[in-house]
Amino acid sequence: MSKKKKINFLVALKHEALPIIDYFELTLNKKKYRNIFSNTEKNIFLIITGIGIENAKKAVTNLKQLNNNKDDIWVNIGIAGHKTFKVGSIYEVKKVISSNNKNIFFTNSFYNKVLTSTICCVNKEEKKYNNKYLYDMESYGFLEALDGLTIKDNIFMFKIVSDNL
């Protein structure tokens with residue numbers, strides 16, 4: 001008998017999480033972790049990671065302890081900056097690079113009607129954006145932690161443009 005797939009949402013900030021928490025009727029997990037919300041009937045979990053690569057990696061580890069199934073779906077939703085993309089527009093990220101690491105990570109290979117982009121993950125707030133990339137501070141840690149834990153087709157990343165610098 002196979003386990004039912006779970007959907008694991010990772011978001012950096014509480015205000016990013018609230019619409020997902022409300023929509024899926026998630027409740028706070030009061031046992032071990034204070035930043036994990038779930039609806040076990042729907043097999044949906046959400047963790048508020050906090051800002052930064054290390055926090056994103058730790059959050060994946062914490063959720064993996066609760067949901068140890070290689071076939072689970074992992075979804076990162078958050079905000080990102082870009083030099084010219086319209087504020088409020090949404091992009092699916094297919095490629096993640098880092099300002100400090102040479103490794104490159106990829107998400108799923110599915111294509112839909114959502115615009116796609118590459119994201120550059122930085123360790124501190126970026127003051128000037130390059131026109132080629134979206135910018136955030138968690139994506140690289142999220143994918144680095146998932147590398148080897150699941151297949152890339154189970155990984156989805158969506159970013160909403162928050163600002164233009």
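Buried means under 20% relative accessible area, exposed over 50%, and partly exposed in between, with a 1.4 Å probe and protein chains only.

## Basis

This is a predicted model: local features need pLDDT of at least 70, side-chain atom pairs count only at pLDDT 80 or more, and totals for chains, interfaces and linings use all residues. Residues are numbered from 1 along each chain as its sequence is written, and side-chain values use heavy atoms, with hydrogens and water left out.

## Helix α3

Helices (H or I, at least four residues) and strands (E, at least two) are DSSP runs, numbered from the N terminus. Helix α3 spans residues 139–146. Seven of its eight residues are buried, so α3 is largely enclosed by the rest of the structure. The buried ones are S139, Y140, G141, F142, L143, A145 and L146. Just after α3, G148 takes a positive phi of about 90°.

## Largest pocket

The largest pocket holds about 290 Å³ of space. A pocket here is an open set of points on a 1 Å grid over the protein atoms alone, where a 1.4 Å probe fits, with protein on both sides within 12 Å along at least five of seven lines; lining residues have an atom within 4 Å of a point. Its volume is the space filled by probe spheres set on the points, which are joined across faces, edges and corners.

The lining has 18 residues, and I79, Y129, Y135, D136 and M137 lie nearest the centre. Two or more lining residues come from each of β5 (73–81), β9 (134–136) and β10 (155–163). β5 gives the most, with three. The lining has ten nonpolar, two polar and six charged residues. Nonpolar covers Ala, Val, Leu, Ile, Met, Phe, Trp, Tyr, Cys and Pro; charged covers Asp, Glu, Lys and Arg; the others, Gly among them, are polar.

## Strand β10

I160 and V161 contrast. I160 lies in β10 and is partly exposed, at 33% relative accessibility. V161 is also placed in β10, but it is buried, at 2%. V161 and L134 are 27 residues apart in sequence, yet 7.9 Å apart in space, C-alpha to C-alpha.

## Positive phi in loops

E25 is not a glycine, yet its phi is positive, near 55°. E25 sits in the loop between α1 (14–23) and β2 (27–28). At 55% relative accessibility, E25 is exposed.

N43, also not a glycine, has a positive phi of about 60°. The loop holding N43 runs between β3 (36–39) and β4 (44–48). N43 is buried, with a relative accessible area of 13%.
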